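Please read these notes with the model open beside you. They go through the fold point by point.

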Amino acid sequence: FFFLLSINKTIKPPRGIYNSTIQEPERAKFMKKSLKRQIIKFKENYKKGERFNLLEVGSYIGSSTLIFGDILRNQLGDRFNIICVDPYKSYVKKNEKEWGLIEFSKGIEKMFFYFHYNISLKKWRNNLILLRKNYSQSLNFFKETKLSFDYIYIDGSHLYEDIKNDLEFYPNLLKFKKNYKGLLCGDD
């Protein structure tokens, strides 16, 4: 691991369970396009000193986070915050039989370190906060802080109940003004 830190390159997980494609996926193209459109709307409606707030639910190694951060830095300079929520804990139940979920979950703790390393290479790293919390912990955090977001990207657990919970709660955190409303996107 020390050697990887010294080469100053973004870490990508091995091909297979963690990285199934070489080409930029369509979802990445959509993410970039939708974020840029939202930034334009934000610029048309923001007040002096206001910052663009982006929430990412499920960060894994930070691939999406890197895309978001680079675009935000390019378009807004330092006027943005990124909050990532990911517990980096196994979510596979003891009686789980699906091989893919089991294998994916085995390496999740390692992905936490990959995420930190990848973000550490960016000039905008101080604009990011990682909340290592599960759904119920993050739910309480956001209720207490009353934060609102210009852009929310949901890519956490892909289990039905978890997706349902995410879609019921996170839209409530979007900014809503007379001529402006936050945007909710996601994967799956």
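The points below cover the overall layout, the sheet, the cores and a few single residues.

1. Basis of the note. This is a predicted model, in which local features need pLDDT of at least 70 and side-chain atom pairs count only at pLDDT 80 or more, while totals for chains, interfaces and linings use all residues. Residues are numbered from 1 along each chain as its sequence is written, and side-chain values use heavy atoms, with hydrogens and water left out.

2. Overall layout. The protein has 7 helices and 5 strands. Helices here are DSSP runs of H or I with at least four residues, strands are runs of E with at least two, and both are numbered from the N terminus. Along the sequence the pattern reads α-α-β-α-β-α-α-β-α-β-α-β.

3. Burial and surface. Of the 188 residues, 39% count as buried. Buried means under 20% relative accessible area, exposed means over 50%, and partly exposed lies in between, with a 1.4 Å probe and protein chains only.

4. Contacts along the chain. Contact means heavy atoms within 4.5 Å. Among contacts with a separation of 6 or more, 77% join residues 24 or more positions apart.

5. In what order do the 5 strands of the open sheet lie? The order is 3-2-1-4-5, with parallel pairing. Strand 3 (128-131) and strand 5 (183-186) are the edge strands, each pairing on one side only. From one strand to the next, the twist averages 15°. Two strands pair if DSSP finds at least two bridges between them. Strands of a sheet pair through backbone hydrogen bonds, either parallel or antiparallel.

6. The strand pairs. Strand 1 is joined to strand 2 by 6 bridges, and Val 57 stands opposite Val 85 in strand 2. Val 85 in turn stands opposite Leu 131 in strand 3; strands 2 and 3 pair over 4 bridges. Strand 1 also pairs with strand 4, over 4 bridges, and there Val 57 stands opposite Ile 154. Strands 4 and 5 pair over 4 bridges, with Leu 184 in strand 5 as the bridge partner of Ile 152.

7. Cover on the strands. In a regular strand the side chains alternate between the two faces of the sheet. Strand 4 is covered on both faces: Tyr 151 and Tyr 153 on one side, and Ile 152 and Ile 154 on the other, are all buried. Strand 2 (residues 80-85) is mostly covered, with 5 of its 6 residues buried. Helix 5 (residues 108-120) lies across strands 2 and 3, running at about 175° to strand 3. Such angles run from 0 to 180 degrees between N-to-C directions, with axes as lines fitted to C-alpha atoms, for helices over the stretch in contact.

8. The cores. A nonpolar core is a set of buried Ala, Val, Leu, Ile, Met, Phe, Trp, Tyr and Cys residues joined through side-chain atoms within 4.5 Å. The largest has 29 residues, and those with the most contacts inside it include Leu 35, Phe 52, Leu 72 and Tyr 151. Helix 5 gives the largest share of this core, 6 residues. Beyond its neighbours within four places in sequence, Leu 72 is in contact with Leu 35, Ile 39, Phe 52, Leu 54, Gly 77, Phe 80 and Ile 82. A second, separate core of 14 residues includes Leu 55, Ile 152, Ile 154 and Leu 174.

9. Ser 136. This residue lies in helix 6 (residues 135-145). Ser 136 counts as partly exposed because its relative accessibility is 41%.

10. Cysteines. Cys 84 is buried, at 0% relative accessible area, and Cys 185 is buried, at 9%. With a disulfide taken as a pair of cysteine sulfur atoms within 2.5 Å, the count is 0.
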